[in-house]
Amino acid sequence: MIHSAQLQVSERKKSNYACELIDNYKRNVMCSFTAIAAVATVLMCIFAIVPNSSAFASTKSTDGLPPKGVIVTAFQQNWKSIAKECKQTYGPEGVSYVQVSPPQDHIKGTAWWTSYQPVSYNLNSKLGTEDEFKNMITTCKAAGVGIVVDAVINHTTGDGNKDTVGVGGSKYDAANQSYPDAGYTKDDFHQIDKDIYTYKDAQVVWNYRLVGLLDLDTSKPHVQKILGNYFAKLLKMGVAGFRVDAAKHMCPEDVKGIKEAAAKAAGTKPENIWWMQETIGFPEQDPKIQPDQYVGTGEVDEFEYSYRLRNYFYGSIENLSHITDQLIPNKKAAIFVTNWDTERDNSTRVLTYKDGAKYELANAFMLAYPYGTPNIYSGYKFTQRDDGAPGATDTHIPDVKCGKNSKWQCAQRWTSIRGMIGFYNAVKGTKVTQWQDDNDNNIAFSRENKGFLAINNTDKPKNVSYKTDLPDGEYCNVYASRKCFSTVTVNGGKVETTIPAYSAIALHVKAVEHFGSTSTFSTVTMIVIVFAVLLIELALILRKNKAGSNK
């Protein structure tokens with residue numbers, strides 16, 4: 001009897017213990033379901049608030065040319081410095097291409113324009129050796145940056161040059177028009193020993209000498225073949241594209257022939273070679289040398305864009321809404337705020353670094369407004385037109401050193417430029433929407449749902465309330481701060497803030513603190529807090545149950 005009672009008690013204890021385990025299991029399962037439901041709720045809220053990232057996908061080039069992207073002109077900077085900057089700045093900041101000064105052998109001298117008087121197409125110059133040039137291409141390509149070469153193909157040296165050896169060792173004799181290392185004899189030049197005296201006659205522009213420079217007869221097959229081989233050599237090294245210097249001083253048919261020769265030598269098609277042609281257009285000049293005559297062989301420099309930028313920033317920037325009217329079509333235009341020629345010879349017609357805040361604002365607009373291929377100019381400070389690069393000698397240019405007291409501009413490192421390069425990349429492929437202005441010097445516009453720019457081109461702060469197509473959220477003002485120290489809120493499709501004098505706000509979807517309005521963000525915060533409390537409660541229940549099961 002006693003033994004039987006003991007067995008019954010033991011069985012009841014086991015049964016009770018089993019029931020307790022089942023109850024604990026049920027409670028754990030219910031808690032787990034509660035936690036999963038909480039996670040699902042949080043995720044649903046987040047996905048409802050944060051815009052779909054696929055809506056911000058970038059566009060790619062569909063033709064045989066490299067995709068569009070921001071170019072920085074590293075004027076008169078040596079190959080080692082550019083290679084270093086590709087790793088440190090250009091690549092990380094999203095610069096697509098760096099345009100370099102002419103790499104071919106040239107005459108000696110400290111002035112910048114010595115690089116524009118070639119004596120051969122050997123790649124040893126005061127900017128570096130051929131090996132350094134190759135290394136720059138490789139290093140930059142690894143950083144995601146392509147190299148664009150400034151190609152001088154219209155002429156060689158000045159007719160009065162007395163030297164006989166170039167910086168890289170190439171021999172020449174200007175007096176006898178002999179350039180053996182380039183492959184030219186007197187027969188390869190136009191035999192008109194007069195300078196261009198009018199731009200109202202295309203034949204004079206094409207066949208006479210540009211400021212005394214010996215003018216190549218680019219209609220000759222021999223000349224086209226030499227130049228074609230030069231382009232092909234660079235392409236095979238990995239060069240992405242070209243700026244063609246003094247293109248308007250060559251007949252469009254000659255330019256076409258040179259490009260065809262380059263394509264043949266490189267084993268590609270002419271339409272797959274990307275180049276931008278220097279074609280300064282003025283309406284009073286011969287129609288045959290206008291920029292639109294050269295669009296068949298590539299992009300053309302649209303100088304009028306630069307002139308309008310200065311006019312509007314010193315007048316009324318509301319006019320920027322029609323800045324591209326009657327200009328070269330978008331896909332054929334190469335644009336800039338300034339370059340080395342215009343900042344010296346046309347400083348009253350373009351903006352330069354000497355214009356301070358207006359110059360930065362103009363660059364910001366260029367990178368924000370969808371037109372052409374934008375080129376940021378990064379040169380050096382100068383007082384005289386012919387001033388060479390800082391520290392330049394007759395045969396060498398030292399490494400670039402950026403800094404507060406440096407003469408190098410290093411524009412690619414300016415906060416506003418860095419920020420706007422990111423802006424350009426973020427809004428690629430979108431149109432201008434929601435244009436707003438005050439009929440004077442404050443403008444704003446969206447780039448669909450990807451970006452927003454507002455400019456205050458006055459000497460006083462401006463309180464603004466603008467509409468925008470950006471999703472609600474708190475955005476970094478990339479024009480003013482690299483690390484998001486300055487933010488602007490979009491709430492209910494509006495931007496309400498104060499823009500400092502001669503400044504801007506630039507917002508885009510790839511530089512954001514959070515998406516959603518302030519109230520929505522608070523709701524998400526509460527959901528996260530509730531979720532955290534549930535997790536803590538679950539952990540306490542599991543701990544209590546574990547402790548109970550161990551008794």
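I take helix axes as lines fitted to C-alpha atoms over the stretch in contact, with angles from 0 to 180 degrees between N-to-C directions. Helices (H or I, at least four residues) and strands (E, at least two) are DSSP runs, numbered from the N terminus.

I note that the model is predicted, so that local features need pLDDT of at least 70 and side-chain atom pairs pLDDT 80 or more, whereas totals for chains, interfaces and linings use all residues. Residues are numbered from 1 along each chain as its sequence is written, and side-chain values use heavy atoms, without hydrogens and water.

**Entry 1: H7 and H9**

I looked up helix H7 (residues 303–313) against helix H9 (residues 357–368): their axes come within 11 Å and cross at roughly 125°. H7 and H9 are therefore oblique to each other (under 35 degrees is roughly parallel, over 145 roughly antiparallel, 65 to 115 roughly perpendicular, the rest oblique). I recorded the contact (heavy atoms within 4.5 Å) as made by Tyr305, Leu309 and Phe313 of H7 with Lys358, Leu361, Ala362, Phe365 and Met366 of H9.

**Entry 2: positive phi**

Most residues other than glycine have a negative phi. I found phi of Ala246 near 50°, a positive value. Ala246 lies in the loop between strand E6 (241–244) and helix H6 (252–266). At 4% relative accessibility, Ala246 counts as buried (under 20% relative accessible area; exposed is over 50%, partly exposed in between; 1.4 Å probe, protein chains only).

I found phi of Cys484 near 65°, also positive. Cys484 sits in the loop between strand E15 (473–476) and strand E16 (487–491). Cys484 counts as buried because its relative accessibility is 16%.
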